[in-house]
Amino acid sequence: MSAFEYQNNELFVEQVAVNRIAEAVGTPCYVYSRTALEQQWQAFDQAFGDHPHLVCYAVKANSNLAVLNVLAKLGAGFDIVSQGELERVLRAGGDPAKVVFSGVGKLREEMLRALEVGVYCFNVESEAELEILNEVAGQAGKVAAISLRVNPDVDAQTHPYISTGLKENKFGIDIDRAVAVFERAAQLPNIKVSGIDCHIGSQLTTVTPFMDAMDRLLERIDQLAAQGIHIDHVDIGGGLGVRYRDEQPPAPSEYVSALLKKLGDRKLKILMEPGRAIAANAGILVTEVLLLKSTEVKNFVVVDAAMNDLIRPSLYSAWQDIIPVTPRAGQGSACDIVGPVCETGDFLGKDRELCVEPGDRLAVCSAGAYGFVMSSNYNTRNRVAEVMADGNQFHIIRRRETYDDQFALESLVP
Ligand SMILES: Cc1ncc(COP(=O)(O)O)c(C=O)c1O
Ligand SMILES: N[C@@H](CCCC[NH3+])C(=O)O
């Protein structure tokens with residue numbers, strides 16, 4: 001059952017009316033369901049049964065402290081890509097010993113901080129990074145546990161901007177170089193080889209590309225074992241897709257059981273880094289209709305949310321469902337839902353059938369991942385509030401920004 005359902009012609013999140021939240025914090029606002037977040041993380045975690053594993057939520061998908069805290073309380077691991085994300089995990093009560101540090105351009109000071117708090121491992125993306133990490137760890141008197149992120153060169157069959165496992169992408173170490181780089185890593189005094197990882201792309205809707213990638217990783221693992229280099233875990237990355245419209249991605253249980261089957265009787269811990277699959281359908285963006293505007297060729301519904309609040313439609317032509325919070329009886333008409341920002345690309349949806357009047361509220365669905373985190377102050381708009389519904393209560397987990405918040409970081413010239 002979805003956490004967002006109509007009751008008596010009014011949209012609810014868990015047992016809270018979305019209208020009640022909008023009245024309390026204004027629109028636009030992001031609304032998340034605690035239950036949905038918990039259920040999705042647990043779906044991954046439980047799918048592994050007794051097999052050693054760690055589900056590291058990809059913080060980039062939604063990094064609100066309350067979201068991280070809810071997952072930390074369940075015992076989640078975290079996949080981070082910056083010191084900022086690490087500080088968020090720590091502030092939210094996450095366990096640094098369950099953190100994997102990904103990213104193609106880690107700074108020395110970021111490495112140092114991660115060593116100081118004791119992350120589970122660094123997912124190293126290049127030979128140059130390996131040498132730098134060895135140096136930084138040596139200076140700090142530490143040994144860095146590492147996994148090598150290999151680029152398995154498989155086609156994830158997703159949007160080119162979010163495909164990451166092809167030879168032409170900037171990510172990871174060429175699979176054909178992997179064994180040589182592991183050999184080098186095994187010789188470095190301040191490095192401990194722990195795993196192998198990959199991340200081939202995001203919003204994948206079949207298991208096939210994951211299985212292809214896993215095959216390639218396992219081949220390398222077996223080759224390394226034959227050379228006496230033993231690793232203890234394999235990390236398949238994130239990327240499992242969600243249903244935005246009519247996609248039918250595999251459930252976490254189906255995906256995990258396919259992975260376990262591939263692994264066979266190898267004694268390896270499995271890590272994964274799902275972001276979208278945990279958070280996307282646990283959130284909506286609520287917006288209010290400002291006015292209706294028709295031209296000879298188009299009907300526009302102008303709403304108070306814009307591309308600065310949710311950039312996925314503009315950036316990837318992503319389709320996210322847009323539904324009324326309190327549906328009206330009557331025939332809808334085709335319209336584009338657009339925001340107040342001065343860009344033609346500022347739209348949330350195109351050619352949607354909607355029956356709305358000014359003052360009505362709409363919910364943009366599947367907005368819990370890559371929503372608020374990708375928002376900006378473009379057009380000097382304040383970033384919106386975030387709210388977490390929890391049973392029959394809700395908590396404001398980030399207040400709406402004020403202009404003073406924005407101006408506080410700037411100064412005039414003398
Ligand atoms: C290394 C890494 N891990 C995990 C993720 C999370 O991806 P997703 O939100 O598609 O699960 C990403 C982003 O695509 C990533 O780059
Ligand atoms: N930001 C993307 C996903 C990118 C994944 C990051 N590695 C989206 O909104 O779909």
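Trainee: Starting with strand 13, what is the bridge partner of His 233 there?
Mentor: His 233 is bridged to Lys 269 in strand 13. Bear in mind that this is a predicted model.

Trainee: Which way do strand 12 and strand 13 run, parallel or antiparallel?
Mentor: Parallel, and the pairing of strand 12 (residues 233–235) with strand 13 has three bridges.

Trainee: And how does strand 5 pair with strand 13?
Mentor: Strand 5 also pairs with strand 13 in the parallel sense, over three bridges. One bridge to look at joins Val 55 to Met 272 in strand 13.

Trainee: What does Glu 273 touch, apart from its neighbours within four places in sequence?
Mentor: Its contacts include Cys 56, Ala 58, Asp 79 and Val 100. His 199, Asp 235, Gly 237 and Gly 238 are also in contact with Glu 273.

Trainee: Which residues does UniProt put under "binding site"?
Mentor: The unreviewed UniProt entry gives Gly 239, Glu 273, Pro 274, Gly 275, Arg 276 and Tyr 370.

Trainee: And in the model, which residues come nearest to ligand 1?
Mentor: Ala 58, Ser 202, Gly 238, Gly 275 and Arg 276 come nearest, out of 14 residues around ligand 1. Gly 275 and Arg 276 are on the UniProt list.

Trainee: Which residue does UniProt list as a modified residue?
Mentor: Lys 60, which the unreviewed entry lists as N6-(pyridoxal phosphate)lysine.

Trainee: Where is Lys 60?
Mentor: Lys 60 sits in the loop between strand 5 (53–58) and helix 3 (65–73). Its contacts outside four places in sequence are Val 81, Glu 85, Gly 275 and Val 373. Gly 275 is also on the "binding site" list from UniProt.

Trainee: Why is Lys 60 called buried?
Mentor: Because Lys 60 has 21 other C-beta atoms within 10 Å, and the cut-off is 20 or more.

Trainee: Changing topic: which strands pair with strand 19?
Mentor: Strand 14 (residues 283–294) pairs with strand 19 in the antiparallel sense over four bridges. Strand 16 (residues 322–324) is also antiparallel to strand 19, over three bridges. Leu 285 stands opposite Val 364, and Ile 323 has Ala 363 as its bridge partner.

Trainee: Which residues of strand 19 are buried?
Mentor: On one side Arg 361 and Ala 363, on the other Leu 362 and Val 364, so both faces of strand 19 are covered.

Trainee: Now the backbone. Where is the cis peptide bond?
Mentor: From Thr 27 to Pro 28, with omega near -10°. Pro 28 lies in the loop between helix 1 (18–25) and strand 4 (29–33).

Trainee: What about positive phi in residues that are not glycine?
Mentor: Glu 14 has a phi of about 50°, and Asn 379 has one near 65°. Glu 14 is in the loop between strand 2 (10–13) and strand 3 (16–17), while Asn 379 is in the loop between strand 19 and strand 20 (385–390).

Trainee: How many other C-beta atoms lie within 10 Å of Glu 14, and of Asn 379?
Mentor: Glu 14 has 19 and Asn 379 has 14. Glu 14 is partly exposed, and Asn 379 is partly exposed as well.

Trainee: Last one: what does the domain assignment give?
Mentor: Domain 1 is 4–32 + 280–407, and domain 2 is 103–272. Their centres, taken over C-alpha atoms, are 36 Å apart. Eight residues of domain 1 are in contact with five residues of domain 2.

Terms used:
Residues are numbered from 1 along each chain as its sequence is written. Chains are lettered from A and ligands numbered from 1 in the order in which they are written. This is a predicted model: local features need pLDDT of at least 70, side-chain atom pairs count only at pLDDT 80 or more; totals for chains, interfaces and linings use all residues. Domain bounds come from an automatic or database domain assignment. Two residues are in contact if their C-beta atoms, placed from the backbone, lie within 7 Å. UniProt positions are given in the numbering used here, feature names are shortened, and annotations may be inferred rather than shown by experiment. Helices (H or I, at least four residues) and strands (E, at least two) are DSSP runs, numbered from the N terminus. A residue is buried if 20 or more other C-beta atoms lie within 10 Å of its own, exposed if 12 or fewer, and partly exposed in between; C-beta atoms are placed from the backbone. A residue is near a molecule or strand if its C-beta atom, placed from the backbone, lies within 6 Å of it. Two strands pair if DSSP finds at least two bridges between them.
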